[in-house]
Amino acid sequence: MDPVVPVVFILVYAGMILGGIPGLALDRTGVALLGAIVLLALGRVELDEAFGAIDVSTMALLLGLMVVSAQLRLGGFYTRVVQALGDSGLSPGALLAAVVAVSGLLSAVLANDVVCLAVAPILALVCARRGLDPVPFLLALACAANVGSAATLIGNPQNMLIGQALDLSFAGYLVQGVVPAVAGLAAVWGVIRFLYRGRWAATTVLPDVELPAFNAWQTFKGLAVLVALIVLFLADAVPRELATLAAAGLLFTSRRMASRRFLALIDWPLLVLFAGLFIVNHVLSSSGVLERALAGLAAVGVEIGHPAWLFGASALLSNLVSNVPAVMLLLPVAQHPGSGPILALASTLAGNLMVVGSIANLIVIDQAARLGIRIGWRTHARIGLPVTLLTLAMAAFWLWLLA
């Protein structure tokens with residue numbers, strides 16, 4: 001057996017766990033790309049085969065939806081929505097409920113990572129202006145964005161990958177995902193409201209942040225394109241990746257918005273992470289190592305493809321290597337008819353347990369740190385642990401009912 005492929009694979013996924021390679025300035029994206037480069041350089045995969053291993057439809061869907069989200073961000077849509085919540089005069093508990101609901105809804109149709117990136121600094125400023133502690137509201141944003149994104153096949157990168165790889169119906173999955181997502185949002189609100197009861201107030205001084213000005217026309221254009229996409233997805237009339245690319249092309253043809261402004265907001269590192277992991281996982285699968293490992297597990301009674309094992313493995317691996325790499329690793333064994341919703345719900349909801357479980361968590365914490373707000377892993381876990389246990393239990397029960 002060629003030891004190079006499993007060694008590279010182990011090192012790449014160790015990098016996913018650690019967030020990089022100790023002693024080197026490499027993040028997860030750099031580790032995945034380096035792993036692919038090593039396999040190419042050592043002749044374990046040819047260049048044409050490596051490019052063929054990349055799921056172009058998933059990459060196209062991701063790219064197109066990023067452009068749509070960029071349109072709304074540049075149009076000041078997120079700024080207007082969050083500022084409207086802050087100016088509403090709601091009590092802290094009611095404001096928390098509004099943040100959870102809005103974050104969950106936006107994440108279901110605009111991808112949770114993008115929503116967290118755009119909303120976190122505005123939400124922190126709104127809370128500081130009202131004399132409220134931003135931390136519980138930022139934690140609500142991260143948790144609700146993860147939970148809400150579980151409702152659809154475009155709510156987060158791993159769901160996009162699952163939908164494309166397993167050819168899932170957008171409307172069909174919506175029926176399976178929306179109930180645990182809505183129940184999960186209620187759990188997020190309940191947990192945070194209980195743990196922070198009576199401790200909402202805080203004096204927070206934040207630096208000035210330049211926010212995108214609201215532009216009614218640009219916002220309308222972005223929302224109109226988004227609604228049209230959702231209708232096309234529900235009708236299943238056009239391949240999702242082609243529809244989103246067409247939407248991106250339409251938005252590029254603007255007399256006011258330069259295309260470089262859109263491209264500056266694209267999450268290129270995420271796309272590179274996907275490409276690198278596609279190549280590394282493909283080489284592992286082609287080497288036969290994965291088959292032998294699965295056969296060894298089956299010999300001791302562990303059938304990873306069985307719904308219960310798949311649910312547990314998705315939740316566990318999502319907190320070890322983050323949910324996107326976990327899903328890529330488990331997709332080859334997703335042969336059961338219910339594997340799609342199992343993978344999507346378990347990997348997404350488990351992302352709230354630890355900071356590294358979801359990129360959305362890391363984005364919120366990073367955006368908060370830039371404003372001088374510290375959210376440590378213990379603070380996050382205090383909310384994330386009960387939220388994760390509750391939402392995973394709800395999802396498991398719902399999937400059992402549907403089985």
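I take contact to mean heavy atoms within 4.5 Å. I take helices as DSSP runs (H or I, at least four residues), numbered from the N terminus.

**Ground rules**

I am reading a predicted model, in which local features need pLDDT of at least 70 and side-chain atom pairs count only at pLDDT 80 or more, while totals for chains, interfaces and linings use all residues. Residues are numbered from 1 along each chain as its sequence is written, and side-chain values use heavy atoms, with hydrogens and water left out.

**Entry 1: helix H6**

I looked up H6, which runs over residues 92–110 and has 19 residues. From its first C-alpha to its last, H6 reaches 26 Å, close to the 27 Å expected; the expected span is 1.5 Å times one less than the number of residues.

I then listed the buried residues (under 20% relative accessible area with a 1.4 Å probe, protein chains only; exposed is over 50%, partly exposed in between). In H6 they include Gly93, Leu95, Leu96, Val100, Gly104 and Leu110. What covers them includes helices H4 (56–74), H5 (77–86), H7 (112–129), H8 (134–149), H10 (170–195) and H11 (216–235).

Ala111, which follows H6, has a positive phi of about 75° although it is not a glycine. I find Ala111 in the loop between H6 and H7, and it counts as buried at 10% relative accessibility.

Asp236 is not a glycine either, and its phi is positive at about 55°. It sits in the loop between H11 and helix H12 (240–252). Is Asp236 buried or exposed? I read a relative accessible area of 53%, so Asp236 is exposed.

**Entry 2: Ile154**

I went to the loop between H8 and helix H9 (157–165), where Ile154 lies. Ile154 counts as buried because its relative accessibility is 0%. Leaving out residues up to four places away in sequence, I list its contacts as Leu65, Ala108, Val109, Ala111, Met160, Phe170, Ile230 and Phe233. Ala111, from the previous entry, is one of these.

**Entry 3: Thr58**

Thr58 is in helix H4. Which residues does Thr58 touch, not counting residues up to four places away in sequence? I find Met160, Leu161, Gln164 and Phe274. Met160 is also on the list for Ile154.

**Entry 4: Leu138**

Leu138 belongs to helix H8 and is buried, with a relative accessible area of 1%. Setting aside residues up to four places away in sequence, I see Leu138 touch Ala120, Leu123, Ala124, Val364, Ala368, Ile373 and Ile375. I also looked up Ile17: Leu138 and Ile17 are 121 residues apart in sequence and 24 Å apart in space, C-alpha to C-alpha.

**Entry 5: H16 against H17**

I checked how H16 (residues 307–321) packs with H17 (residues 323–330): the angle is about 140° and the axes are 7 Å apart. Axes are lines fitted to C-alpha atoms, for helices over the stretch in contact, and angles run from 0 to 180 degrees between N-to-C directions. That makes H16 oblique to H17 (under 35 degrees is roughly parallel, over 145 roughly antiparallel, 65 to 115 roughly perpendicular, the rest oblique).

From H16 the contact is made by Leu310, Ala313, Ser314, Leu317, Ser318 and Val321, and from H17 by Asn323, Pro325, Ala326, Leu329 and Leu330.

Definitions and conventions:
Helices (H or I, at least four residues) and strands (E, at least two) are DSSP runs, numbered from the N terminus.
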